[in-house]
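Take a look at the structure below. We will walk through it step by step.

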Amino acid sequence: MTVKDTGADASAVATAVADAHRREWAFVLAATVRVTRDLDVAEECVQEAFATALTDWAAHGVPDRPAAWLTTAAKRRALNVLRHRGVEHRYLPLLVEEDTVPGPGDALDDGPDGVPIPDDRLRLVVTCCHPALDRSAQVALTLRLMCGLSTAEVARAFLVSEPTMAARITRAKKKIALARIPYRVPSAEELPERVDAVLSVVHLLFTTGHTVPAGEELVRRDLVERSVQLARMLRRLLPRDPAVAGLLALLLLTDARRETRTAPDGRLLLLEEQDRTRWDPAAIAEGIALVREALRTRPPSRYALQAAIAAVHAESPSWDDTDWREVVALYDVLTQVWPSPVVALNRAVAVGFACGAAAGLAALDALGSEPQLAGYGYLPAARADFLRRLGRVDDARTAYEEALLLTDNAVEREFLAGRLRGLGGPSH
Amino acid sequence: MSQYLILIYEDEASYATATPEVLGEVMQAHNDFAAQVEQHGAKLLGGNALQSTGTATSLRGAGSEVTDGPFVETKEALGGYYLIEAPDLDAALAVGKICPARFGGVEVRPIMTFE
């Protein structure tokens, strides 16, 4: 490409850089961390590599392998920084790495035309989600280091102030360096447990995006997309891991319903009311193939079972055709694999549809004393629904009012208030 | 290699009421622990058991005011420690996991180094 025809391509270059940022950030950063053994220096260098790409690609054209180009640029920058900065300016100790310490020689011999760059994203993501870091730190680091989100963006995603999020990220990075959390892929025996922590973080990102805890919108699309992207990346890194396949299936099958979860006026639509013809058929097909694969392992992972439940709904042509007995059976297995009051709550709801509202209500009432469900708005909401179906209007009203007290999501609140209005005025 | 302190926090009341058999088991567990540390790629550099917090004396403030008792009153008190050397936190936590603390738990803290 020559310089004269690049001016017109400025927006194409900007798009290519933005695209590479979204797809390749983690790859480039993970490779650069191996050179710097310092997360902050690596982040700086990667940011500069992306900035350089804007001008360089405009002048010389977009490279065939943007990730390799960016990695080489970031590593070259890193070696310069390290050479000039010297040990005395180092703020934190170097990250622990068991492999050979890369020197200037071998750091640059891979790249656009050389040996393939090793994929270090797995070591980066397990480091972000190390069990010695608390969950909020794991989530913040994952968004920041794996997805390349700015601190301001991560803060916005979790509704905390930017200084609070900056402090959380700084503390986590400091702990990684000072407590010497190793930057490496765990041994085969440790791997399942460590991957499980990563999957929990990705799942949490998805559920946070899927139903925003507080605010005006039901879904925060960017978080949902980031979590699906992370799950796809894990799938490529660990193609034989059934829990990874299960999680990706769960996200795809749940997100396939995205267009139908709210009415044009923003009102929440339940599964029962959703227009199934507008569910995403490609996501469903991909999700179902992954579920089949994930369920082949015994015992199945919790994500595979949750995905299998989502698949029952996805494959059912209508609400009335839903195979509720199959759903209850899957919840029974899920309860064994992953005992949790929330799973028990969902199972009770399925029992209500399989065996009638009275049976569902009885199953829910058995959970009333569960301390983990105290303050959990879906319990009174589910009770209210069964009470309404049973014609127990006054009890239903009390339960809807209780559920309203427990959710801060505006769309969910409007749904509950609508149901409450539908019950008519108090009969007492 | 880095150094870590494994701080053992346990319920002192449980020790006060423990039978001689239990105390014997605890002693044996610590001896076994010492023998197993190296299997985790770590090295035991030192360690001690402490007398109960009833024997502690605290000095605080600019005037070093003397008070009878531990610095912080807690149900699970610091009762002993091991100093280990380990290649990284994963190895240190593996050692922490096998450290006996039947009436409580342990905290693993990296030792600060000054260059």
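Predicted model: local features only at pLDDT ≥ 70, side-chain atom pairs only at ≥ 80, totals over all residues.

Two residues are in contact if their C-beta atoms, placed from the backbone, lie within 7 Å. Take the contacts in chain A between residues at least 6 apart in sequence: 64% of them join residues at least 24 apart.

What is chain A built from? It has 19 helices and 2 strands. The chain has 428 residues, and 42% of them count as buried.

Now pick out one element of chain A, helix 11. It runs over residues 242-255, which makes 14 residues. From its first C-alpha to its last, helix 11 reaches 20 Å, close to the 20 Å expected at 1.5 Å a residue. Helix 11 of chain A is also mostly covered, with 13 of its 14 residues buried.

Next, turn to where the chains touch. Here 7 residues of chain B are in contact with 7 residues of chain A. On the chain B side, helix 3 (residues 89-98) gives the most, with 3 residues. By class, that side has 4 nonpolar, 1 polar and 2 charged residues.

B:Y82 lies in strand 5, which covers residues 76-86. Is B:Y82 buried or exposed? It counts as buried, because it has 24 C-beta neighbours inside 10 Å, and the cut-off for buried is 20 or more. Which residues does B:Y82 touch, leaving aside its neighbours within four places in sequence? It is in contact with B:I6, B:L44, B:G47 and B:C99. B:A49 is 33 residues away from B:Y82 along the chain, and their C-alpha atoms are separated by 8.8 Å.

How values were computed:
Residues numbered from 1 in each chain as written. Chains lettered and ligands numbered in written order. Helix = DSSP H or I, 4+ residues; strand = E, 2+ residues; numbered from the N terminus. Expected span 1.5 Å × (residues − 1). Buried ≥ 20, exposed ≤ 12 C-beta atoms within 10 Å, placed from the backbone. Nonpolar A, V, L, I, M, F, W, Y, C, P; charged D, E, K, R; others polar.
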